[in-house]
Amino acid sequence: MIVNPSLILNGKEYSGSFLQEKARQLLREGTGNGRALGAFLLEWISDADTVSVHTSGSTGPPRILNPEKQRLLASARATGDFLKLGEHRTALLCLPVNSIAGIMMVVRAMHYGLNLVTTEPTGHPLAQIPPEVQADFSAMVPAQVYNTLADETEGKRFSAINTIIIGGGSLPPALEEQLSGFPNNLYATYGMTETLSHIALRRLSGNARSGWFSALPGISVSTDDRGCLVIDAPRIATEPIVTNDLAELSGSGTFRITGRSDFVINRGGVKLQAEVLERKLDSLLKERFIVAGIRDEKYGQVPVLIVENKSGRNIDKKQLLRDAESILSYSERPVEVYFLSLFPETPTGKTDRREALKQALLSQ
């Protein structure tokens, strides 16, 4: 049970029975994210020691976790102390509250007394808030950042937010390069639902920008015999969390993710990491794309390219393969290109790689 919970919501503070009534009103009268916020607040102020959290489904079937509220608070404090959230005043909630990322924005706002300004989780979150509202802190996914920076007015508002954490998916190299010159404090996050949002941050802007993640205080990392990251966060998780993320550790305790063990393509004994190939091919296409492995009688597996072509533009498949050949080694080269009009996504907006491959093969 949380003692005396309170929340400043869109400029008005609620506590005690008033917070409970506001939560019920949101659940009764709200739409979309408002209803999800109301449902979470009722769980948070209840006598139960736990809340229910849905996993994203990016690494398997979605499921429900029931973490203790005190562990969510520990996660909020780890992030807040690192980012000095106590010095901030207004937080923008533009992520779905039925995801751990959205839930943790609410918990951080309650713990640090931030005014939580809410919007629906759209691709253009800053277009929804009044011009006079200035957020100091926000969390976004890469697609929201990309869309925001494509609009001059929204881009200026983005650069005025003191601190922004960006997670939920990998950052395209071109977008990361664009962010490096911004004046505000921008961070990439690493984490998952099981770690109650992120456990590490990587600076994206300014002179301190880095390609390495730094674990938050109280959290340590190692690798297992597969080379995958193992997270030890005793205040957040009851036991070490073994991931499928291939990682490289530095001597200073930082780490970087090189790919996923379940996205490895074994081409005749040569192990290819799909994400590494995607980074090499990033300059070839404006559209979203992924690299995946399909069965092959000779090599066991070979890489293929799957492209999302929402606009329906004429993409020369043969030319695309020739361009890829100029960038990749022989074993890395995709043997085929598949097109989908729209990529399937997980509930949190990530590309569902397995379903995309399945649809690509069925479309032929």
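Predicted model: local features only at pLDDT ≥ 70, side-chain atom pairs only at ≥ 80, totals over all residues.
User: How many residues apart in sequence are the parts tied together by the pair Asp262 and Arg354?

Analyst: Asp262 and Arg354 form a salt bridge. Asp262 lies in the loop between strand 15 (255-260) and strand 16 (264-267), whereas Arg354 belongs to helix 10 (residues 353-362), so the pair ties together parts separated in sequence by 92 residues.

User: Is Arg260 buried or exposed?

Analyst: The cut-off for a buried residue is a relative accessible area under 20%. Arg260 has a relative accessible area of 13%, and therefore counts as buried.

User: Where does Arg288, the salt-bridge partner of Glu308, lie?

Analyst: The side chains of Glu308 and Arg288 meet at 2.9 Å, N to O. Glu308 is in strand 19 (residues 300-308), and 20 residues separate the two. Arg288 is in the loop between helix 8 (274-281) and strand 18 (289-296).

User: How many charged residues are in the lining of the second largest pocket?

Analyst: The second largest pocket has a volume of about 260 Å³, and its lining comprises 14 residues, with Glu194, Ile236, Ala237, Thr238 and Ile241 nearest its centre. By class, the lining of this pocket has seven nonpolar and two polar residues, and the number of charged residues is five.

Note on methods:
Residues numbered from 1 in each chain as written. Heavy atoms only, no water. 1 Å grid on protein atoms, 1.4 Å probe; cavity = no way out; pocket = protein on both sides within 12 Å on 5 of 7 lines; lining within 4 Å. Points joined across faces, edges and corners; volume = space filled by probe spheres on them. Nonpolar A, V, L, I, M, F, W, Y, C, P; charged D, E, K, R; others polar. Buried < 20%, exposed > 50% of the residue type's maximum accessible area, 1.4 Å probe, protein only. Salt bridge = Lys/Arg side-chain N within 4 Å of Asp/Glu carboxyl O. Helix = DSSP H or I, 4+ residues; strand = E, 2+ residues; numbered from the N terminus.
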